[in-house]
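Hi,

Here is the structure I promised to pass on.

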Amino acid sequence: MPFFLNAKVRDLVPYEPIMGDFPVRLDANESFLRPDSVAFEEIARAVEGVAFNRYPDPTAAALTAAFAGYYGIDSTRVTAGNGSDELLSVLLTAFTQQDDKVVTFTPDFSMYGIYATLSGCEHMPLEKKNGQLDLSAAQGIRARVVLFSNPCNPTSLTIPAEEIRRFVRSTPALVVLDEAYMDFSDPANSLLHEVDEYENLIVLRTASKALGMASLRLGFAVTNERLTAVLRAVKSPYNVNAVSQAIGTALYSNRARVRAGIEQIRAERDKLVDLFNLVVRQVPGQLALIGAQANFLFVHCTKADDVVAYLKEQGIIIRQFGDFLRITVGSAEENTLLLAALQEFYGGESYA
Ligand code: PMP
């Protein structure tokens with residue numbers, strides 16, 4: 001007998017990261033920093049202390065305490081996940097019923113739509129005008145969940161906290177605010193410290209960006225007591241492995257080092273923006289920097305296909321979205337190679 005796929009998975013397209021060996025990877029919004037030797041010693045000690053024969057702590061108590069300590073929040077409001085990706089999937093399953101509407105905005109993080117569809121919801125992606133997030137566009141829709149990133153992946157733009165507060169207060173929907181990149185932007189635009197003031201707000205954070213630990217798969221949902229109880233009840237009990245818990249605990253406990261890492265990434269980002277703007281001025285009308293609030297730049301490019309292909313030939317990988325480029329901030333050396341290649345492409349003088 002033929003086996004027919006069910007409707008909600010029939011047309012799903014798997015997330016396709018760019019594979020292959022490229023010397024300069026600026027495609028996945030990862031950190032360019034690797035732990036220094038002292039951090040590696042702390043990591044090794046943390047791993048040595050893991051009880052490998054035991055299941056991990058289902059509450060990830062030490063990890064959530066270290067995370068909460070770093071951000072100055074109450075750890076009883078934190079649920080850890082196997083990356084914020086897992087938390088997105090868990091919370092969309094938990095807080096929706098079949099055929100509920102889930103509103104997202106395009107462009108935004110592509111996995112939102114996949115998890116919404118998988119949870120049996122009607123996914124309603126609202127087109128942003130000129131890439132600008134306008135929450136009032138969701139106002140008339142009886143949505144169960146409204147989900148967006150701030151700063152936004154891929155636009156690298158931020159909207160003010162006050163706009164989000166107003167929206168959260170005015171909607172009966174659950175608002176899922178993904179602050180994966182907030183550490184690189186203005187902390188005044190974060191709602192991380194305000195979750196107890198609302199019945200309907202979940203803030204997501206991750207160790208993949210600011211902490212530079214995408215390999216560990218650690219994400220965090222921060223929300224009020226009532227919603228935290230639901231998240232902890234519905235997640236699989238041992239969702240965060242003990243090795244990641246131990247390493248994450250050690251790393252978040254060193255506040256000064258986490259801050260220094262973020263500062264280093266921000267400094268490289270700002271340098272890259274300045275130098276990139278020099279290239280922009282040399283090719284009027286061809287390149288425009290749209291946003292740089294995160295650890296990546298979002299750029300309008302009239303020759304996006306050709307630029308991406310040329311960079312790839314030079315061993316440099318970035319992400320393309322139609323006429324737009326998303327360029328992760330790399331190390332000083334990687335950024336110099338990128339700028340030199342762009343200069344070469346546009347026939348100008350090389351930086352290298
Ligand atoms: N949210 C946003 C906005 C992202 O860009 C990403 C990863 N690119 C994630 C969540 C997923 O992060 P994690 O590594 O914690 O699963």
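Let's start with a strand pair: E9 and strand E10 (residues 296-301) run antiparallel and are joined by four bridges. Within that pairing, Gly291 has Phe298 of E10 as its bridge partner. (Strands here are DSSP runs of E, at least two residues, and helices are runs of H or I, at least four residues, numbered from the N terminus; two strands pair if DSSP finds at least two bridges between them.)

Before I go on, a word on the source: this is a predicted model, where local features need pLDDT of at least 70 and side-chain atom pairs count only at pLDDT 80 or more, while totals for chains, interfaces and linings use all residues. Residues are numbered from 1 along each chain as its sequence is written, and side-chain values use heavy atoms, with hydrogens and water left out.

Back to the sheet. It is open, with four strands in the order E9-E10-E13-E12 and antiparallel pairing. Strand E9 (287-291) and strand E12 (319-321) are at the edges with a single partner strand each, so one side of each has no neighbour in the sheet. Helix H10 (residues 304-313) packs on the sheet and touches E10, E12 and strand E13 (324-328); contact means heavy atoms within 4.5 Å.

Next, the domains. The domain assignment gives domain 1 (7-30 + 257-346) and domain 2 (37-253), with bounds that come from an automatic or database assignment. Their centres, taken over C-alpha atoms, are separated by 24 Å. In the interface, 24 residues of domain 1 are in contact with 27 residues of domain 2. The two domains bury about 2,200 Å² between them, 61% of it on carbon and sulfur atoms; that is the accessible area (1.4 Å probe) that two parts lose on being put together, summed over both. Arg257, Val258 and Gln293 supply 27% of the area that domain 1 buries against domain 2, more than any other three residues.

What about the nonpolar cores? By that I mean sets of buried Ala, Val, Leu, Ile, Met, Phe, Trp, Tyr and Cys residues joined through side-chain atoms within 4.5 Å, where buried is under 20% relative accessible area (1.4 Å probe, protein chains only). The largest has 55 residues, and Phe105, Phe148, Leu201, Phe220 and Tyr252 have the most contacts inside it. Helix H3 (residues 61-71) gives the largest share of this core, six residues. Both domain 1 and domain 2 give residues to this core, so it lies between them. Apart from it lies another core of 27 residues, including Leu272, Ala292, Val299 and Ile327.

Cheers

Note on methods. Axes are lines fitted to C-alpha atoms, for helices over the stretch in contact, and angles run from 0 to 180 degrees between N-to-C directions. Buried means under 20% relative accessible area, exposed over 50%, partly exposed in between (1.4 Å probe, protein chains only).
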